[in-house]
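Please keep the sequence and the model in view while reading.

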Amino acid sequence: MRYWRYKMVRINLGIGNRDLQKKHGEKTKRTLDLKNDEANHITLLGKSGYGKTTIMRGMIEEIYSSYSDTGIPPIIIVIERKVDTSKPKKVIEIYHEESEKNTEGQLHRKYGEGIWNYIEHYVNELENDTKLKYGLMGDFAIGFPNILGKYTKTGMDNYTTLLGRHGLNPAAYPARRFVFRPRRELENITFDNGPLTEVINSKLAYPDIPFEIIADMNNFSDTARYYAILKNIWDIQKIREPKEVLDIAMSYETFNNGPSQTYLRIDETMNRLTSDFLFSGKSKDSFLKQITNKKINILDFSQNSELDAYEECLIFKLVVQHAINVAIKYRIPVFFVVDEVQNFMKDTNGKWAIDKILREGRSLCINLICATQYTDNLPKDILIGSSHIGIMGKLASNTDMKTLEKLIPDFKDVVDFDEPGSLSEYENLKRKLRFRGYFSYNKDYTEHIEYRQPQSL
């Protein structure tokens, strides 16, 4: 396969320390080499509010673009946990402020004509939205251009913007957003997340669900007769149509005193499948079949989907199993991007999924990019298995400092956090550290870095 010709893909990470050995114009740019024959697990740490999610979005864009340039686009699967109501408000604020200060021609030159026209349309719809249909943009609104980054000054001077400092402009990336038991109209979710976003009402097809998950969902006792009967029908005979399952279960009945408890338990289980909009009997409805390497895939676990924590972890597990099969069959890289990864470690399915990526990632080029506030919540395998570790702003606890000192040899010599002496110093320091921190390459070389800004919102 063509993919294996490419031993390495280089992505733009941001701006690092000055390098006197490089020519002018190259001396601060930092790139990260992602190798196809090694794991590329990246863990981002730091307190809330310093930009971990934002920087992950920039990494996704770099991975999508850089791999696509080789002719072999990767499969990127992002797990999104929440919507952000502040983004649409900021878009409205910027639109009005910029419209008052600039002519239409100036705005088109600054943001791009197509982008500004879309922003104008979005703001008009939002301001006339009396039914509150819009205004819930996702944390990973990959399909929406980042005008905030083009507008917001860096704080280092009065001229350079966040995107401008990195030589970037607002852009949207093609995204396929999977929503489960949607709480909003799909077209409204699409509109909030940009013109390059496709939203799918996603379902789990019966053929994709192994018996162990059926048993787990319904709290089966593995010593019960209904457990043995249903396992035989569902997993051994591979019959996964509820009506057929019930017909076979009925054939085991003796009809001495009406339906047995065994049959009633199986009937209850099949009824749950057929009555729940999360499931479908049609194999073509399986959301797993719609995961693509032509777009960035977003599993929408935010308020747009009506899922409990168990179901989120279950879906995550199914996707990891699917990704492993795809990676083996097609030899293309897979990247899982997981924010607040500690939430998945509380459930056996979620923990299984993370462990599976860490164990099999090296040989199959299945990569994990994850973020969390505290190392205390993480199993040691995540940090030990990470090729690279990034810090956003400041670490959340002294325990994290001690953990990283053991893992990164030059950590003590390089990493230094200023401590504020007053509230005003703290506020200034937080602004200064946002989107900045440290990055440890292969846990061998660590430097202060200003991370690449995302072009999407």
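A crossing of two helices is called right-handed if the near helix is turned clockwise from the far one by less than a right angle, and left-handed if it is turned anticlockwise. The model to which this term is applied here is a predicted one.

Two packed helices are described by the angle between their axes and the distance between the axes. The crossing of helix 3 past helix 4 is right-handed. On the side of helix 3, the contact is made by Leu107, His108 and Tyr111, which meet Glu113, Ile115, Trp116 and Asn117 of helix 4. Of the residues in this contact, four are nonpolar, two are polar and one is charged.

A further pair is formed by helix 12 (residues 309-330) and helix 13, whose axes come within 8 Å and cross at roughly 20 degrees. These two helices are therefore roughly parallel to each other. The crossing of helix 12 and helix 13 is left-handed. Among the residues that helix 12 brings to the contact are Tyr310, Phe316, Val320 and Ile324, while those of helix 13 include Trp352, Ile354, Ile357 and Leu364. By class, this contact holds 13 nonpolar, three polar and three charged residues.

Helix 13 lies across strand 12 (334-338) and strand 13 (366-372), and runs at about 140 degrees to strand 13.

Strands of a sheet pair through backbone hydrogen bonds, either parallel or antiparallel. Here, an open sheet of twelve strands shows mixed pairing, in the order 2-1-16-15-14-3-13-12-4-11-7-8. Its edges are strand 2 (29-35) and strand 8 (197-202), each of which pairs on one side only. From one strand to the next, the twist averages 25 degrees. Within this order, strand 15 (residues 436-441) and strand 16 (residues 445-451) are paired in the antiparallel sense over six bridges. Arg436 has Glu450, in strand 16, as its bridge partner.

Finally, the division into domains may be considered. The chain is divided into domain 1 (85-175) and domain 2 (206-280). The C-alpha centres of domain 1 and domain 2 are 52 Å apart.

Methods
Residues are numbered from 1 along each chain as its sequence is written. This is a predicted model: local features need pLDDT of at least 70, side-chain atom pairs count only at pLDDT 80 or more; totals for chains, interfaces and linings use all residues. Side-chain values use heavy atoms; hydrogens and water are left out. Helices (H or I, at least four residues) and strands (E, at least two) are DSSP runs, numbered from the N terminus. Contact means heavy atoms within 4.5 Å. Ala, Val, Leu, Ile, Met, Phe, Trp, Tyr, Cys and Pro count as nonpolar, Asp, Glu, Lys and Arg as charged, and the others, Gly among them, as polar. Domain bounds come from an automatic or database domain assignment. Two strands pair if DSSP finds at least two bridges between them. Axes are lines fitted to C-alpha atoms, for helices over the stretch in contact, and angles run from 0 to 180 degrees between N-to-C directions. Angles under 35 degrees count as roughly parallel, over 145 as roughly antiparallel, 65 to 115 as roughly perpendicular and the rest as oblique.
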